[in-house]
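Q: I would like to learn how to read some features of a two-chain model. Please take them one at a time.

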Amino acid sequence: MSQTWIILGAGSAMGRAFARKAATQGAHLVLAARDQDDLDRTAADCLARGAASAAAVLFDVRKPESFAPIYDAAKANDGIINTAVFVGSMAPQDDVDADPNVGDLTIQDSFTGPVNFLHGLAPIMEARKGGTVLGIGSVAGDRGRIGNYIYGAAKAGFHTYLSGLRNRLNRSGGHVVTVKPGFVDTAMTWGIEGMFLVASPEQIAQDLWTAHEKRKNTLYTPFFWRYIMAIIKSIPEPIFKKLSV
Amino acid sequence: MRWKTAELTGWGRVLTGKAELARPEKPAALSQILKKSPAPAIGAQRSYGDAAVNGNGRAIDMTRLDRFISFDPETGILHAEAGCSITDMLDTFAPQGWMPAVMPGTGFATLGGCIAHDVHGKNHHKAGTFGQHVVAVDLMGADGSTKTITPESDPALFKATIGGLGQTGAIVSAKIKMIPCSSRLIQVDERRAANLVEFMEMLKASNATYCVGWIDGTANGQSLGRGILEEAELTSSNMAPKRRKPRKVPFNAPKFALSPPTVRLFNRMYFNRIPKQGRGVLRSLKDFFFPLDKIHDWNKLYGKRGFHQFQCVLPDETAERTLRDMLRLIADAGLASPLAVLKRTGAGRAGLLSFPMEGFTLALDFPNSEKSRALVAQLNALAAEAGGRIYFAKDSLATAAQARQMYPELAEWQKTVEAADPEGAFKTDLIRRLKLRTPA
């Protein structure tokens with residue numbers, strides 16, 4: 001029987017690519033993002049590509065009242081419910097330094113918002129006895145760096161939540177994958193200087209699907225970021241604090 | 001919207017230009033960009049020359065607008081965003097029994113690009129051009145507003161947009177009528193043609209749905225114009241096609257890779273691989289339609305210097321004589337690569353600047369050098385003299401005067417284009433090089 005996938009942030013390049021991947025596997029889709037017209041179009045695209053169904057539900061991670069309609073749309077389908085969380089925002093560190101409110105929003109978009117959503121969803125997943133949560137964190141969450149440590153801190157918090165949720169859902173047959181993508185070729189990174197080894201959203205989507213099937217706990221994607229981050233994490237703090245990597 | 005500085009180049013990698021590039025992911029974002037900074041839209045950058053280059057300017061990369069908007073399994077009409085690739089359409093809809101009516105030689109080409117060049121395929125003599133299967137185009141002007149045009153609603157604008165090199169506006173999405181696809185396998189019959197006369201006769205006599213010839217650009221004398229004719233029909237087999245993983249050309253090849261002796265040897269082996277009595281093989285649709293797509297970045301085989309593709313179409317009356325002259329020049333120069341095609345074309349064309357005409361089309365690649373540029377210039381002149389045309393999607397060396405001679409409807413096209421884009425916001429290097437928007 002087809003499983004259901006909730007895709008939070010289906011309007012992003014990665015969300016869209018993963019929605020397509022799930023569509024070709026014949027899944028029921030609940031696509032959630034802020035732009036209804038665009039979401040409708042992505043839903044039509046997914047149907048053409050083989051999705052069993054595709055609901056387009058308006059969603060804003062800063063508006064908790066937008067969560068319930070998504071839970072309801074997912075519950076309308078029988079069987080296992082899975083979720084992929086692509087929401088988050090990365091304000092430039094300079095903007096955050098100038099206005100603390102900007103930092104609050106980054107934390108809300110990347111940490112507290114998704115956490116609230118997942119916490120509301122967890123009992124529903126438990127009742128269905130299974131399902132995967134793909135939580136998109138970031139390599140930026142592995143160590144605080146001068147360039148974007150508010151975003152990094154938000155993602156680190158999210159990683160810790162995902163680890164706890166994995167512990168919890170495991171008891172009902174569910175699973176959580178903590179995903180740490182490196183640089184991905186999206187609108188967020190387009191035209192930013194200093195990008196290297198940039199992966200396509202399709203590559204990431206394929207990795208995500210494999211990690212879901214193999215029930216991986218932590219996924220660095222592309223894989224070599226595991227080694228890059230191992231090096232960055234191993235730099236002793238007395239030295240690291242003087243670097244700007 | 002952030003702009004990214006990028007080096008734009010055609011597939012031939014000879015003509016290049018630095019430009020600022022935007023890449024919208026939603027039609028609404030495209031509209032915002034055009035309103036603020038109108039610029040030509042580009043697709044997969046698979047045209048060979050400078051059609052997708054806007055040096056020292058800006059361009060809009062359409063490849064992230066690549067969704068299927070709707071599909072009607074009763075009529076086969078597909079509404080899709082302009083950045084959808086032909087391969088994506090084939091992969092998605094062939095299992096559902098449908099395929100694009102016309103497919104160019106690479107599946108990486110986008111819907112928008114196929115319309116803007118009014119491309120043709122191996123079935124041109126039967127199915128006409130890509131544009132003849134376009135039902136409607138959603139065209140966005142420099143003001144960011146979208147208008148849906150059809151052959152009935154806006155006949156002049158439609159004919160200026162199909163094959164119109166993006167000059168009437170950004171093609172955001174379009175509706176095309178696909179054809180039934182009975183199978184994912186195709187039966188290919190291959191036969192040798194000993195020389196040009198025999199080759200042209202075989203091409204003329206062929207009644208196959210798909211028909212294409214590989215021509216040996218190194219053969220001379222008795223064998224001038226020899227090659228292999230491929231005729232193909234869809235099968236009714238339900239077997240899933242075998243698929244090999246695509247390979248990638250990792251770096252620029254050294255010069256000797258395509259030196260004359262290597263090419264001569266390769267061509268002889270390629271010709272002799274087909275038994276004298278011919279042979280039949282089953283291929284996957286993708287292997288047949290997009291043979292080179294299996295080798296990613298195959299343009300790097302020509303090394304850093306890049307290459308020129310010459311493609312002309314010649315009317316029946318002058319074709320044989322002109323082809324003979326051309327092939328002699330090519331064989332004598334010894335510059336051709338193994339990639340060479342001779343094909344029959346029908347009269348079908350959907351736009352004012354569409355390439356095809358009833359006759360024969362010849363296409364060859366030449367590694368870029370002073371000698372090969374001189375050779376292609378000679379070939380261009382021969383094509384013009386014979387009442388033929390060169391293909392804007394391929395050209396990098398024609399002259400403005402030749403373009404005028406070859407495309408008699410240019411003035412009519414210019415009138416509609418000037419009305420649609422009075423500021424000249426959508427001009428590209430190709431347009432400037434051949435002065436296509438300058439009144440004669």
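Q: Where is Arg264(B) placed?
A: Helices (H or I, at least four residues) and strands (E, at least two) are DSSP runs, numbered from the N terminus. Arg264(B) sits in helix α7 (residues 260-272) of chain B. This is a predicted model: local features need pLDDT of at least 70, side-chain atom pairs count only at pLDDT 80 or more, and totals for chains, interfaces and linings use all residues. Residues are numbered from 1 along each chain as its sequence is written, chains are lettered from A and ligands numbered from 1 in the order in which they are written, and side-chain values use heavy atoms, with hydrogens and water left out.

Q: Is Arg264(B) buried, exposed or partly exposed, and why?
A: Buried means under 20% relative accessible area, exposed over 50%, and partly exposed in between (1.4 Å probe, protein chains only). Arg264(B) counts as partly exposed because its relative accessibility is 43%. Arg264(B) and Asp216(B) are 48 residues apart in sequence, yet 8.6 Å apart in space, C-alpha to C-alpha.

Q: Where does Gly147(A) lie, and how far is Gln93(A) from Gly147(A) in space?
A: Gly147(A) belongs to the loop between β5 (132-136) and α6 (149-169) of chain A. At 42% relative accessibility, Gly147(A) is partly exposed. The C-alpha atoms of Gly147(A) and Gln93(A) are 6.2 Å apart, although 54 residues separate them in sequence.

Q: What does Thr186(A) touch?
A: Contact means heavy atoms within 4.5 Å. Thr186(A) is in the loop between β6 (175-181) and α7 (201-214) of chain A. Leaving out residues up to four places away in sequence, Thr186(A) touches Ala13(A), Arg23(B), Glu25(B) and Arg64(B). Thr186(A) counts as buried because its relative accessibility is 10%.

Q: In what order do the strands of the open sheet in chain B run?
A: Strands of a sheet pair through backbone hydrogen bonds, either parallel or antiparallel. Here two strands pair if DSSP finds at least two bridges between them. Five strands of chain B form an open sheet, ordered β5-β6-β10-β8-β9, with antiparallel pairing. From one strand to the next, the twist averages 10°. Strand β6 (residues 77-81) of chain B is joined by five bridges to β10 (residues 170-177) of chain B. Leu78(B) has Ile176(B) as its bridge partner in β10(B).

Q: Which helices pack on that sheet?
A: Axes are lines fitted to C-alpha atoms, for helices over the stretch in contact, and angles run from 0 to 180 degrees between N-to-C directions. Helix α2 (residues 36-48) of chain A packs on the sheet and touches β5 and β6 of chain B, its direction making about 50° with that of β5(B). Helix α1 (residues 27-36) of chain B also packs on the sheet, touching β6, β8 (134-140) and β10 of chain B, at about 50° to the direction of β8(B).

Q: Why is strand β2 of chain A largely enclosed?
A: In a regular strand the side chains alternate between the two faces of the sheet. Six of the six residues of β2 (residues 28-33) of chain A are buried, so the strand is largely enclosed by the rest of the structure. On one side His28(A), Val30(A) and Ala32(A) are buried, and on the other Leu29(A), Leu31(A) and Ala33(A). Strand β1 (residues 4-8) of chain A runs parallel to β2(A) and is joined to it by five bridges.
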